[in-house]
Structure formats: structure tokens, C-alpha cells
Amino acid sequence: MGLRSIAAALRRDNDHLLLKLAVVVSLMFGFAYAMVPFYKAICNALGINVLSLAERQTALAEKGVANGNGQVDYSREITVEFDTNARGPWDFKPAVRHMTVHPGELAQVMYEFRNVQNRTMAAQAIPSYAPMQASAHFNKLECFCFNEYTLKPGESKQWPVVFVIDPKLPKDVKTITLSYTFFEVAGKGGVKLGQAPKAAGGSL
């Protein structure tokens, strides 16, 4: 095979490689671009509060939901009940058990958690809604849910939940129950967030 044939073969191979690389780069760019709305959709569906306040406000505005400056439906009143389930020896409760809000109205409720044990513990909360159809219309701008928290013995923490109920909530829904289950994170008792675990055999 002559040098000219070898050079031509190398050019063809290089062209094929460049084409493959271009396709891979395009696919990676498209996947990364599509992941943002896909990730947000998954988080919204699961109720995970991972967006910043500014992002949540923008998302609510795009859906036509009031974020403090939008339209409030004063013709309707929704009773929101706050329920807590503490799966362990600690205190967990809302500041109020219920409140009445208008769809589109910005509202806030405080929750208090107190570690009554004589050891440090790590815990987190998961929300649920009743009726289930209300979950798609219960927009949380700020929430402690799905974040882990570490509390020392006897330590208390207070966290806000800031929310807006979408005016598109079905007319027959007049009461929504927001329930949180707070449970200890297995294997993390005694581990301060941001610090290394204690040596085996140490007290919790």
C-alpha cells in the first residue's frame, strides 16, 4: 500500500472519529439540557424542596400561581390542617394545628422539633397530603422536609414552611391536611453533620 493510500485511510479514520465525537458531544449536551426540567419535574412530583426561593417563585409565576404579588382568590377559603407523626422519643409539633387561607395567598407555619433524648441524633421529615389530589396544588416555597438535621441532647429547632395553594385546586376540596413524619436517620445518631463519626464503641 502506498503512502498516498495510507494517508487517505488515516483521513477517513480521523473523519469517522471526529463524526463520532461530534455525535457524542451533541448527545451529552442534549441530555444535560433536558435534565434540568426533568429533574425539576421529578422533585415537584415527589414534593422535594430542592429549588431556591427565587427559583420557586419563578416557577410559581410561570404556572400563574400567586407568589405574594399575584392574584388571590378571596371568594374561596381553604382550611389547612397540620399533622405531625414523630417516630421516636422526641417532640415534634406545629405552632398551630390549622389555619384558613385563600388560594393564591402566601402563608407560613412554624414547626418545632426537640430532642428529648440524652444523645445526639440525626433525623429528617417526609410530607404527605390528604386528599392526595391536593399535593399537585400545594406549592412549598420553603420547607425543612427532605433535609437531615442533627440535634444535641435537649436541643430544640424551629423551622418554617412557606406555602401557596394553587387557585386551580378543585372547587370541591375545602380542607387539606399536611402531614409530616419525622424519623431518625438510621446509623447517624451521634454524628454531627459536617464532622467525622465517632470511633466505634463511643457513646451516642
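This is a predicted model: local features need pLDDT of at least 70, side-chain atom pairs count only at pLDDT 80 or more; totals for chains, interfaces and linings use all residues.
Residues are numbered from 1 along each chain as its sequence is written, and side-chain values use heavy atoms, with hydrogens and water left out.

The side chain of E184 forms a salt bridge with that of R119 (2.9 Å, N to O). E184 belongs to strand 9 and R119 to the loop between strand 4 and strand 5, so the pair links distant parts of the chain, 65 residues apart. Strands (E, at least two residues) are DSSP runs, numbered from the N terminus. R119 counts as buried, at 19% relative accessibility.

## Other salt bridges

The structure holds three salt bridges, each a side-chain nitrogen of Lys or Arg within 4 Å of a carboxyl oxygen of Asp or Glu. One of them joins R114 and D91 (3.9 Å, N to O). Because R114 lies in strand 4 and D91 in strand 2, this pair ties together parts that are 23 residues apart in sequence. R114 is partly exposed at 36%, and D91 is partly exposed at 40%.

E155 pairs with K157, with the closest N and O atoms 3.4 Å apart.

## P167

P167 sits in the loop between strand 8 (156–165) and strand 9 (175–184). The C-alpha atoms of P167 and G104 are 5.6 Å apart, although 63 residues separate them along the chain.

Technical notes
Helices (H or I, at least four residues) and strands (E, at least two) are DSSP runs, numbered from the N terminus. Buried means under 20% relative accessible area, exposed over 50%, partly exposed in between (1.4 Å probe, protein chains only).
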